[in-house]
Amino acid sequence: MSKRDPDLLLQSAPLLKQGLSVPTAMRDVLLALMPALFAGFWFFGLSAILVVAATILGAMATEWLFTPKQERAVALGDGSALLTGLLLGMTLPPALPLWMAWLGGVVAIGLGKTIWGGLGNNLFNPAIVGRAFLLGTFPIAMTTWHVAAGPDSFFQLHPSTLALPFMQSPPMDGMSAATPLGLMKFEQIDSPIFSLMFGNSSGSLGETSGVLLMVGGLYLLLRRALEWRIPLAIFISAGLFTLLLETIDPARFPGIHFTIFSGGMMLGAIYMATDPVTSPVTPKGAWIFGCGIGVLVVLIRNFGGLPEGILYAILLMNAATPLINRYTQPRVFGRSRS
Amino acid sequence: MGLLSSFKRSFSHGVHPAHYKGQTENLAIQRVPFGNRYVMPLGQHIGAPAIAVVNKGQHVGRGELIAKPGGFISTALHSPVTGTVTEISPQRTLDGSFKPTIVIEADPFSAQRVETTPPASWEELSIEEFIETVQQAGIVGMGGAAFPSHVKYSIPDGAHIDDLLVNGAECEPFLTNDHRLMVERPETVIQGTEILRQKLGAKRANIGIERNKPEAIRALEKVLEKSPSLPITLSPLEVKYPQGAEKMLIQSVYRKEVPAGQLPRDIGVAVNNVGTVVAIADLFATGAPLIERVVTVSGPGIDQPANLMVPLGTPVRDLLSFCGGLNDKTREIIMGGPMMGFPITSLDVPILKGSSGILAFTEEETARPHEYPCIRCGRCLEACPYFLNPSRLALLSRNRRYEETMDYHVMDCVECGACSFACPSNIPIAQLIRTAKDNLRQNPVEEAA
């Protein structure tokens with residue numbers, strides 16, 4: 001061989017990769033959320049679009065600010081901040097003042113992720129941290145709901161959307177309406193199953209369309225990007241618990257369809273509880289984690305002071321995740337369980 | 001999951017890399033022409049290196065003994081060519097270190113005939129004589145680890161082998177050397193299996209083959225149909241990596257777990273690679289010691305991939321030039337498979353007894369993708385056939401907390417690389433675990449019971 005030998009690399013095996021990366025995983029989730037997101041836009045109009053834009057902006061700006069300059073392109077490019085902002089936005093009331101939504105995005109990344117050490121190190125789901133902050137700080141604005149008006153009033157901005165920071169909220173407009181959860185909690189009124197399933201009811205802008213959220217979940221399942229055990233465990237445990245309560249007192253407690261399709265159940269179970277960072281790594285842990293959430297949701301909704309419980313149910317189980325991981329280590333091949 | 005894999009006849013967990021076997025699976029094994037320089041390191045496997053019994057300048061015949069076993073866990077070496085010993089000196093080995101080596105210059109005018117006398121009929125040999133014969137023939141496990149075969153055949157008192165398992169899984173992508181042996185020499189595979197089965201006193205034998213080798217399965221089936229009395233069964237297996245790992249294969253075929261820290265023989269099983277079985281059959285048919293082996297030369301950096309019968313000691317350089325040389329894109333050469341093989345430091349390193357493949361890779365496969373933080377997705381846990389927690393082990397290793405990796409059974413890891421393959425964050429998990437294991441071997445700590 002007259003030619004000089006190539007300078008050989010010594011990259012250690014394996015040289016083959018599955019071809020799945022963090023950005024593709026994030027992109028899959030983003031894609032899966034699109035149908036429900038656009039349904040939310042359709043039902044709640046321009047205000048909803050602006051709210052989502054504000055949370056995403058808040059989240060991305062915070063990520064940018066707290067990331068060292070040379071890592072910014074990668075950190076923003078992996079899509080995790082975008083996903084946090086989007087998820088947060090989808091849990092908010094459509095007419096939330098934009099500055100609040102933006103602040104929620106800032107807190108979600110700042111307190112939910114960055115101070116823990118960035119991607120992969122946070123204990124709590126960042127989007128839920130953002131929402132918990134908003135709910136604690138602006139309880140009235142966060143519980144002022146509007147009817148799903150549909151495309152007729154698409155360009156009609158709610159007056160509260162453009163409220164200035166720290167000014168008194170403008171008076172309620174005539175479009176406000178109770179959510180199905182509120183109706184159930186305070187007046188024991190059931191809502192029609194159809195509007196629960198397709199999102200034609202008042203509520204958070206991205207949470208109302210259970211069916212479309214499920215379609216996205218199906219896509220993730222096909223892409224093998226979903227820890228299916230978690231939502232399944234949530235639905236099963238919440239369903240069984242609801243069934244038990246319903247048999248005890250059918251007048252007071254709602255049925256299974258209501259538990260599964262109302263509020264943030266679908267979004268929380270499929271997209272938030274399954275956040276890999278804040279959920280257990282072991283399959284058995286995933287079952288425990290999901291069952292815990294299911295039971296807590298029903299407990300909080302029916303016996304707590306709040307109409308919605310998925311938020312705190314997930315946060316509580318997030319806190320239990322390290323413990324669950326520790327006690328659900330699989331049995332090592334060829335060894336007895338230690 | 002356990003239920004599903006019992007239907008599919010496989011072990012639990014594992015990964016599914018693309019096979020990349022198409023380039024070479026239909027290419028018949030060709031013999032490479034003899035070159036001039038043959039490099040035979042005295043240590044080719046775990047255990048003691050062999051001891052040279054030839055001197056510089058001595059003429060040796062092809063197949064002649066050039067080094068005798070240096071202990072029980074050691075095998076003999078034989079000259080791969082007729083020629084002259086030109087050097088007994090340290091030469092570069094694949095990891096870059098220099099080890100004592102016999103260098104032989106081939107005689108260009110020799111006919112390169114192997115002059116050997118067949119040993120006594122295998123049926124008449126006692127098990128001790130059989131073991132001695134195998135050791136003197138230099139036969140080792142041909143699957144990659146090159147563990148001396150005769151050691152496996154030495155069954156301690158009280159233990160006995162019920163099942164002989166022949167490993168034809170060949171789960172590493174790209175490699176087709178075992179596949180070609182099964183397709184081209186099915187009679188020899190069966191003959192070797194039967195010899196081993198009888199000598200080890202096993203009641204039955206199984207040949208485990210992944211289903212992506214239908215041609216091999218058909219070829220062996222045909223031979224078995226002709227002699228239906230042989231207690232040899234074929235076990236087609238799910239195509240999954242690492243199906244060919246000894247303990248995984250046992251689980252797939254027999255649904256039995258070999259306890260950690262024990263050997264297959266402790267549960268009555270002996271596992272041998274297809275290549276080893278063929279070497280045994282050849283030894284008792286012609287008396288030929290292990291002086292050549294089948295090597296798959298493939299990978300995107302090779303223009304003319306091939307399955308080659310290669311004399312041991314052939315420098316990788318000669319093999320590559322026979323295959324049309326490296327193309328310009330080649331950045332790395334792996335000896336073995338792409339999942340568990342070793343990168344070689346120089347084209348001068350020789351083919352060893354355990355070299356199943358020479359694979360050339362380009363920029364595309366060797367570029368190190370950006371490493372993201374671990375997002376705790378659990379994919380490595382679902383990949384690990386040993387049910388370890390690779391992400392945890394990698395984190396501990398990166399923080400140099402090597403002792404703590406013992407609590408997570410780091411030494412049970414067989415370094416199959418399924419975790420690294422599956423990791424979406426591109427964390428070099430297998431490499432980090434290797435680091436931890438190396439450190440623990442150098443500074444042993446007592447394992448907590």
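## Reading the model

Buried means under 20% relative accessible area, exposed means over 50%, and partly exposed lies in between, using a 1.4 Å probe and protein chains only. By that scale R401(B), at 33% relative accessibility, counts as partly exposed, and E404(B) is partly exposed too, with a relative accessible area of 31%. These two side chains form a salt bridge, with their closest N and O atoms 2.9 Å apart; the term asks for a side-chain nitrogen of Lys or Arg within 4 Å of a carboxyl oxygen of Asp or Glu.

This is a predicted model, in which local features need pLDDT of at least 70 and side-chain atom pairs count only at pLDDT 80 or more, while totals for chains, interfaces and linings use all residues. Residues are numbered from 1 along each chain as its sequence is written, chains are lettered from A and ligands numbered from 1 in the order in which they are written, and side-chain values use heavy atoms, leaving out hydrogens and water.

## Where the two chains meet

Let's turn to the interface. Here, 41 residues of chain A are in contact with 66 residues of chain B, contact being heavy atoms within 4.5 Å. The area buried between chain A and chain B is about 4,800 Å², and carbon and sulfur atoms give 59% of that; buried area is the accessible area (1.4 Å probe) that two parts lose on being put together, summed over both. L15(A), L16(A) and F333(A) supply 17% of the area that chain A buries against chain B, more than any other three residues.

Between chain A and chain B the count is three salt bridges. One of them brings together the side chains of R229(A) and E382(B), at 3.7 Å from N to O.

## Aromatic pairs

Rings of Phe, Tyr and Trp (its six-membered ring) pair if their centres lie within 6.5 Å; planes under 30 degrees apart count as stacked, over 60 as edge-to-face and the rest as tilted. Over all chains, the count comes to 10 aromatic pairs. F333(A) and Y386(B) have ring centres 5.1 Å apart and planes at 65°, so this pair is edge-to-face. F333(A) lies in the segment after α15 (310-327) of chain A and Y386(B) in the loop between α11 (379-383) and α12 (390-398) of chain B, so the pair joins two chains. Helices (H or I, at least four residues) and strands (E, at least two) are DSSP runs, numbered from the N terminus. F333(A) counts as buried at 2% relative accessibility, and Y386(B) counts as buried at 7%.

F174(B) and F361(B) also form an edge-to-face aromatic pair, 5.5 Å centre to centre with 85° between the planes. F174(B) sits in the loop between β9 (163-168) and α4 (177-184) of chain B, and F361(B) in strand β17 (residues 357-362) of chain B, so the pair ties together parts that are 187 residues apart in sequence. F174(B) is buried, with a relative accessible area of 2%, and F361(B) is buried at 0%. Ring pairs link Y20(B), F174(B) and F361(B) into a cluster.

## Salt bridges within each chain

Over all chains, the structure holds 22 salt bridges. In one of them, D28(A) meets R223(A), the closest N and O atoms being 3.2 Å apart. D28(A) lies in helix α1 (residues 22-44) of chain A and R223(A) in the loop between α10 (210-222) and α11 (229-248) of chain A, so the pair ties together parts that are 195 residues apart in sequence. D28(A) counts as buried at 0% relative accessibility, whereas R223(A) is partly exposed, with a relative accessible area of 38%.

In chain B, the side chains of K152(B) and E246(B) meet in a salt bridge (3.1 Å, N to O). This pair links distant parts of the chain: K152(B) is in helix α3 (residues 149-153) of chain B and E246(B) in helix α7 (residues 246-254) of chain B, 94 residues apart. K152(B) is partly exposed, with a relative accessible area of 29%, and E246(B) counts as partly exposed at 27% relative accessibility.

## An enclosed helix and an open sheet

Eight of the eight residues of helix α13 (residues 265-272) of chain A are buried, so α13(A) is largely enclosed by the rest of the structure. Among them are M265(A), G268(A) and Y271(A).

In chain B, three strands form an open sheet in the order β3-β5-β6, and the pairing is antiparallel; two strands pair if DSSP finds at least two bridges between them. The edge strands are β3 (51-52) and β6 (77-78) of chain B, each pairing on one side only. I51(B) stands opposite K68(B) in β5(B).
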